[in-house]
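Please keep the sequence and the model in view while reading.

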Amino acid sequence: MISEYKCPDFHFNTIVDEFNTEKIFFEADNAKLIFSDEETYNLSNIKLYILDDIKLDFELNERISRDYDKFNIEFESSEGWLINIEGCYFTFFENMYPVSAEGLNVKLIKGQCSNDTPVRYYKFIENLNLSNECEINEVKCTELDNLFLIKHKNDFFKNIDGYFYITDSYNNIKDVFSNLYFLLKYYSAESASMRISYCLGDDFEKIEIGLPSTYSNFKYESCFYDTYRNTLFDFLNSSYDSYVGLKNEGIIDVNLLIHYLAFLKRERYMEVELLISAIILEVLTKNHKKIKDSNEAKFASDLRKLIKKLDLDFDKLDEFFKGYGVVCDSNTFLSEIVKARNDIVHGNAVVSLKLCYLMTTFVNILALKLFNIKCAMYVPLIKRNEFTHEFLEQFILSRDDEEVEEDTREIDDQPIEVEEINGKLYLPLELFDSEEDIIHKGDKFRLREFETKEYGEDCELNLKMARFVKQ
């Protein structure tokens with residue numbers, strides 16, 4: 001099955017540079033250097049090198065009589081690729097003439113394609129831990145059809161961990177991958193990158209390669225527990241529709257919200273965490289299409305409305321925060337948050353660990369509810385402590401646990417005997433009401449291809465784990 005979605009090889013010419021690094025290589029006799037005002041200059045003897053950077057060597061036989069703004073370079077390679085390097089700037093001069101440049105993005109095109117032409121599209125993911133994902137998963141969302149997440153390693157681009165694959169009209173793909181870009185930004189705290197894409201039609205090829213993102217050089221640290229199986233897959237399944245709905249609704253600036261959530265994950269200073277948390281609350285409580293004066297009463301009212309909309313129990317929240325001493329008895333947790341927000345914005349906040357717990361935990365819980373992310377192993381624990389864990393247990397996981405208990409009431413809390421067949425684990429058919437998507441093997445069925453050693457020698461699973469693996 002995986003071969004159906006296997007990405008074709010690029011088959012590019014490569015060359016080893018002076019640092020013994022293999023790079024994609026193109027050359028051409030002539031090219032155009034184009035400034036933003038469409039002023040052009042002729043280049044000759046073009047050599048283009050692509051890997052984690054985009055570098056060009058060339059000859060320029062006329063002086064450029066203007067400021068060195070950013071520019072594009074366009075040419076047709078000797079193999080017939082139409083190449084456009086965007087965001088270029090000069091990097092080396094010889095005898096006052098530029099002879100080398102670097103670019104931010106390169107597009108390689110062969111053939112022509114209309115917006116309605118069906119194409120196969122591959123968007124590669126770099127610097128993301130996909131070791132616990134299945135080899136291939138179909139992402140099932142209301143807006144998407146035939147979108148797959150596939151594990152993949154590439155011998156040339158060493159940081160590639162997998163790719164998204166979709167078949168659709170060329171016109172529809174742009175929005176889909178813009179949405180995936182922001183969700184991946186949230187999931188990976190901006191450390192992952194989707195800078196390489198490959199679009200393939202009957203008479204059309206387009207490859208786009210950009211520089212690694214600003215944050216892709218950071219050590220990867222997801223906002224979610226990616227040590228569990230299919231974490232990214234389940235994250236996308238639960239959050240994609242909610243994200244698109246929020247974006248289309250247009251009240252919350254959802255992309256700005258994701259930017260600050262990812263920023264919050266990477267931050268290590270409490271003062272900055274508190275400030276970012278306050279900004280997130282502003283994003284959550286303001287209609288970004290309408291400019292209105294901000295005041296304490298409106299902020300508190302809007303925050304209370306949001307809590308009610310997300311079906312969180314106000315009194316239970318208040319009791320919880322007071323029980324942990326984060327909020328004093330004379331205040332409510334909401335008044336404490338409003339006061340903290342005002343103090344932070346106006347520079348009067350007294351930084352404390354409890355205040356940081358209150359603000360960072362609360363904004364992340366609101367985000368989880370907003371994006372419909374309910375599973376225990378995907379919670380963004382900004383502070384891994386008893387306070388945060390207990391908060392999640394009470395306000396996010398309790399409802400899921402109740403649903404599982406009701407669904408499995410006849411056999412709840414019973415160990416599940418599993419059978420190992422050729423190194424795979426098979427679960428009893430009686431566990432589930434439906435036989436949909438079940439691979440049968442006699443009176444057993446295989447639900448997931450787990451290695452036996454993951455669960456110990458006795459090879460038993462508890463019911464909650466069985467429910468987790470069922471998709």
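Y181 is located in helix α1, where helices are DSSP runs of H or I with at least four residues, strands are runs of E with at least two, and both are numbered from the N terminus. The model is a predicted one, in which local features need pLDDT of at least 70, side-chain atom pairs count only at pLDDT 80 or more, and totals for chains, interfaces and linings use all residues. Residues are numbered from 1 along each chain as its sequence is written, and side-chain values use heavy atoms, with hydrogens and water left out.

With a relative accessible area of 42%, Y181 is partly exposed; buried means under 20% relative accessible area, exposed over 50%, and partly exposed in between, with a 1.4 Å probe and protein chains only. Between Y181 and M194 there are 13 residues in sequence and 7.2 Å in space, taken from C-alpha to C-alpha.

Rolling a probe the size of a water molecule over the atoms shows where empty space is left. Here the search uses a 1 Å grid over the protein atoms alone: a pocket is an open set of points where a 1.4 Å probe fits, with protein on both sides within 12 Å along at least five of seven lines, and lining residues have an atom within 4 Å of a point. Grid points are joined across faces, edges and corners, and a volume is the space filled by probe spheres set on the points. The second largest pocket holds about 760 Å³ of space. It is lined by 27 residues, and those closest to its centre are K123, F177, Y181, M194 and R195.

Which elements each supply at least two residues of this lining? They are β9 (118-126), α1 (170-188), β13 (193-201) and β14 (204-210). Helix α1 gives the largest share, eight residues. By class, 13 lining residues are nonpolar, seven are polar and seven are charged. In this scheme Ala, Val, Leu, Ile, Met, Phe, Trp, Tyr, Cys and Pro count as nonpolar, Asp, Glu, Lys and Arg as charged, and the others, Gly among them, as polar.

Attention now turns to helix α2. This helix covers residues 231-249, 19 residues in total, and reaches 27 Å from its first C-alpha to its last, close to the 27 Å expected at 1.5 Å a residue. The expected span is 1.5 Å times one less than the number of residues. Within α2 there is a kink of about 40 degrees centred on S239, the bend at a residue being the angle between axes fitted to the seven residues ending there and the seven starting there. Just after the helix, G250 adopts a positive phi of about 75 degrees.

N237 lies in α2 and is partly exposed, with a relative accessible area of 24%. Leaving aside residues up to four places away in sequence, N237 touches E138, V139, K140 and C141; a contact means heavy atoms within 4.5 Å. N237 and C141 are 96 residues apart in sequence, yet 6.1 Å apart in space from C-alpha to C-alpha.

Where does C141 itself lie? C141 is in the loop between β10 (136-139) and β11 (147-151). Is C141 buried or exposed? C141 counts as buried because its relative accessibility is 9%. With the same exclusion of residues up to four places away, C141 touches L236, N237, Y240 and D241. The C-alpha atoms of C141 and L236 are 8.4 Å apart, for a sequence separation of 95 residues.

The 13 residues of α7 (residues 333-345) should span 18 Å at 1.5 Å a residue, and the end C-alpha atoms are 18 Å apart, which agrees. Buried residues of α7 include F333, L334, I337 and I344. Just after α7, G347 has a positive phi of about 80 degrees. For α8 (residues 353-370), 18 residues should span 26 Å, and the distance between the end C-alpha atoms is 26 Å, in agreement. Helix α8 is mostly covered, with 16 of its 18 residues buried.

N95, although not a glycine, has a positive phi of about 55 degrees. N95 sits in the loop between β6 (82-94) and β7 (97-102) and counts as exposed, at 67% relative accessibility.
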